[in-house]
Amino acid sequence: MSFLDGDDDDLPEAKGGRGRRFSLVWLVPIVALAVAGYLGWRTVSDQGPRITVTFDTGDGLEAGQTQVKHKDVALGSVESVTLTDDLQDVVVGISMNAEAEDFLGPETQFWVERPRIGPSGVSGLGTLVSGAYVAFNPKPGKLTTTFKGLDQPPVLQSSDPGTEYLLTTSKLSSISAGSPIFYRGIQVGEILGYELNKDEEDILIHAFVREPHDAMVRTGTRFWNASGIALTTEGGDFRLQIESLQAVFAGGVAFATGSVGKTSPLAEKGQRFRLFPNEQAADEAGFSRRRRFLLFFPDNVSGLERGAPVMLRGMKIGEVVSIRLEFDVKSNQVLIPVVIEIEADRFKVVGGDIKDISAVPYEIADALVKRGLRAQLQFQNFITGSMMVALEFYPDEARQGLGEGGKYPIIPTKPTALTEVKRTVTEILNKIAALPFEGLMEDVRRAVRAYGALAQSPEVLNSLKELDSTLASAQQLMATANRDIGPALRALRVFLSDGSQTLDKLSSVLTTVEPDSPLQRDLRQAMVELRDALRSVRVLADFLEAQPDALLRGRIDLKGDFAR
């Protein structure tokens with residue numbers, strides 16, 4: 001019987017064994033797959049928004065290498081650096097981390113950090129080793145993906161607490177963004193920037209003072225320009241003022257709060273302060289009560305500028321605040337109104353019932369003007385040609401008071417000393433030019449001819465001869481008087497007789513001489529001298545007759561007229 005034909009019981013049975021166990025080799029790819037999935041999930045979850053920042057230049061920026069940092073912590077990386085279609089700007093594509101998403105508001109600022117030398121000092125030296133990177137100043141707000149990069153780092157970071165104020169000035173000088181702000185020589189803030197005011201007459205400077213120093217800024221605080229080196233005179237001595245070397249090179253602002261200012265309220269954010277040109281001007285600003293007056297100078301105001309001092313007897317009492325050019329249609333004249341500001345607190349009223357001069361400043365000014373107070377332009381510096389307004393008293397001036405000038409009362413003015421000299425010289429020249437020189441010369445010619453004719457006339461020659469003989473007789477008389485008093489007295493009587501006749505003849509000659517001529521004046525002088533001589537001889541003769549022994553005593557004293 002074949003195997004195929006056998007019984008089913010004779011067939012062999014198949015026996016099954018145990019299956020194979022799971023191999024550990026499969027754990028490696030499973031773990032690798034799990035790690036890769038986790039890393040992928042982590043990468044996707046950490047991926048923040050992609051933003052674009054436009055810079056003027058791409059210096060130091062490289063795609064895939066340059067990082068975005070804040071406080072030296074990486075928060076993103078540069079993915080691309082391309083140019084705009086017009087090739088004017090550089091567009092930088094940046095992939096930010098998710099943790100920075102909430103700080104990408106519209107006011108967020110980006111800039112490239114590299115080595116710089118600025119008003120605040122040297123910065124970015126670490127980039128010499130690590131290379132340039134994109135820094136940003138985070139600002140919370142609605143997510144923004146497009147930004148305009150800054151050329152320079154912002155002066156303040158978002159983490160700097162403090163208060164911002166506004167300073168007004170007419171001249172910026174060397175102040176710039178980043179210039180320091182000092183309080184008693186300590187830097188307590190920085191200048192954020194500046195802009196023109198809406199009226200374009202003043203400059204607005206944004207000043208930031210950090211905490212806790214902003215608590216010292218009150219409504220009575222005064223700011224001044226501390227830039228450079230100031231050389232002033234005080235008490236006859238020179239005074240050199242330097243706030244700091246940093247202020248010398250980078251400019252700076254300083255402020256102080258005096259004893260009066262400390263009692264004033266705390267200054268609020270955005271409050272405006274006047275920026276004074278120097279510390280001395282800031283100190284003088286303590287005279288807060290001011291009154292304005294209007295001046296109209298008849299002279300050229302060249303050299304007079306805003307801020308020029310107003311002096312009263314050598315003391316500064318105010319300054320010039322405005323100089324304009326106006327055209328008066330009614331009078332058809334060009335006017336230059338000058339507005340001055342007087343500090344009322346500089347005056348102290350004594351000997352009266354007035355306690356506060358600021359209560360009645362215009363009444364007092366009116367009284368001073370009636371006493372002769374006038375305004376005049378004077379040189380402040382002969383080298384630079386700068387002018388100032390000097391108030392002086394001129395008692396001879398008309399007793400007029402303050403004028404009506406609309407908004408401000410008018411103080412009368414006087415021309416400058418140089419103008420008065422020019423005017424006086426012009427008047428003298430005009431008078432000289434108006435003299436009738438031709439008529440005068442003709443009168444002189446006639447007088448000379450008349451004098452020549454008179455000098456040759458017989459009457460004058462005879463009078464002169466008789467006068468000469470009279471004088472000779474007088475000499476002879478004086479010589480004879482020492483020898484014999486008797487003959488001397490007789491000679492004196494003869495001299496008196498001859499002298500009287502000579503006077504009569506000279507009087508008759510004078511009637512023939514032209515009036516007011518030189519000859520007439522000479523003859524009159526000769527007659528006066530001859531008359532005095534005759535009077536003295538007559539007194540001498542009378543004395544000798546009364547006291548003939550006087551010659552023997554050797555002294556003749558006629559009330560002090562004669563003495564030997």
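Leucine 87 sits in the loop between S3 and strand S4 (90–97), strands here being DSSP runs of E over at least two residues, numbered from the N terminus. The model is a predicted one, in which local features need pLDDT of at least 70, side-chain atom pairs count only at pLDDT 80 or more, and totals for chains, interfaces and linings use all residues. Residues are numbered from 1 along each chain as its sequence is written, and side-chain values use heavy atoms, with hydrogens and water left out.

**Backbone geometry in loops**
- Leucine 87, a residue other than glycine, has a positive phi near 60 degrees, and it counts as exposed at 60% relative accessibility (exposed means over 50% relative accessible area, with a 1.4 Å probe and protein chains only).
- Aspartate 72, in the loop between strand S2 (67–70) and strand S3 (73–83), is not a glycine either, yet has a positive phi of about 65 degrees; its relative accessible area is 60%, which makes it exposed.
- The peptide bond from glutamate 211 to proline 212 is cis, with omega near 0 degrees, and proline 212 belongs to the loop between strand S13 (203–210) and S14.

**Parallel pairing with S18**
- Strand S10 (residues 162–169) runs parallel to strand S18 (residues 272–276) and is joined to it by three bridges, with threonine 168 opposite arginine 274; two strands pair if DSSP finds at least two bridges between them.
- Strand S14 (residues 222–225) is also parallel to S18, through two bridges, and phenylalanine 223 has leucine 275 as its bridge partner.

**The open sheet**
- Seven strands form an open sheet with mixed pairing, in the order S19-S24-S21-S20-S26-S25-S27. Strand S19 (290–296) and strand S27 (413–414) stand at the edges with a single partner strand each, so one side of each lacks a neighbour in the sheet.
- Strand S25 (residues 373–381) and strand S26 (residues 386–393) are antiparallel over eight bridges, and arginine 374 is partnered by glutamate 392 in S26.

Methods
Helices (H or I, at least four residues) and strands (E, at least two) are DSSP runs, numbered from the N terminus. Buried means under 20% relative accessible area, exposed over 50%, partly exposed in between (1.4 Å probe, protein chains only).
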